[in-house]
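Please find below a short note on the model under review.

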Amino acid sequence: MHIDDLITKFSGTTENQMKAVFSTLFIAGNRLQTLFDKNIPQISLKQFMLLSIVRQSEEPLTFTHLGNLLGCSRQNIKKLADVLQKKGFITIRQSPLDPRAMCIYPTEKVTAYFQNDFSEYQDQLKYLFEVYTDQEIETLFALMSKLYTGIENLEQKTARCKTV
């Protein structure tokens, strides 16, 4: 069986298409992680995503906040952060706002990494998206943004069901 066979099989109804989109998101995520983990120098894709968010943030972010942004637990962020700290990309310090919370701060190595090694990642992104027109990328961006709204709806529904 090939991906094209699955696409054809699930293209008939809206319900099947929803199932296919859900499955595709999961499979695509795994495939992208495998590809980028093989090809991004020094760090994993998950570590890269954490560094990207920390680098873009204008204020220190706690493990919990980063977990919410990346869709994983505080403990997973801590594991990623520990590895990145050992590699010299970040420092972990107490939050200036909450003494119970720990924050991640980028080091100069992050700046150097994004200036030097990041170009390899950008080249891979170009290859990934070269099959799309600018309009298709704009549409995909809008749909992915809307997907986050759907995920938030599901999270809220799940939280309400647990409290009942």
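At what angle do the axes of α3 and helix α5 cross, and within what distance do they come?

1. In this predicted model, the axis of α3 comes within 10 Å of the axis of helix α5 (residues 74–86), and the two cross at roughly 90 degrees. Because angles of 65 to 115 degrees count as roughly perpendicular, α3 and α5 are assigned to that class.

2. On the α3 side, this contact is formed by Lys46, Gln47, Leu50 and Leu51; on the α5 side, by Ile77, Leu80, Ala81, Val83 and Leu84. Sorted by class, the residues joining α3 to α5 comprise seven nonpolar, one polar and one charged.

3. Helix α3 (residues 45–56) and helix α6 (residues 108–116) have axes that come within 11 Å and cross at roughly 110 degrees. The pair α3 and α6 is therefore also described as roughly perpendicular.

4. Here Phe48, Leu51, Ser52 and Arg55 of α3 are in contact with Val110, Tyr113 and Phe114 of α6. Five nonpolar residues, one polar and one charged make up the contact of α3 with α6. Leu51 is listed in the contact with α5 and in the contact with α6.

5. As to confidence, the mean pLDDT of the protein is 88, and 98% of the residues score at least 70. Among the elements, α5 has the highest mean pLDDT (96), whereas helix α1 (residues 3–9) has the lowest (75).

Conventions:
Residues numbered from 1 in each chain as written. Predicted model: local features only at pLDDT ≥ 70, side-chain atom pairs only at ≥ 80, totals over all residues. Heavy atoms only, no water. Axes fitted to C-alpha atoms, helices over the stretch in contact; angles between N-to-C directions. Helix = DSSP H or I, 4+ residues; strand = E, 2+ residues; numbered from the N terminus. Parallel < 35°, antiparallel > 145°, perpendicular 65-115°, else oblique. Contact = heavy atoms within 4.5 Å. Nonpolar A, V, L, I, M, F, W, Y, C, P; charged D, E, K, R; others polar. pLDDT = per-residue confidence, 0-100.
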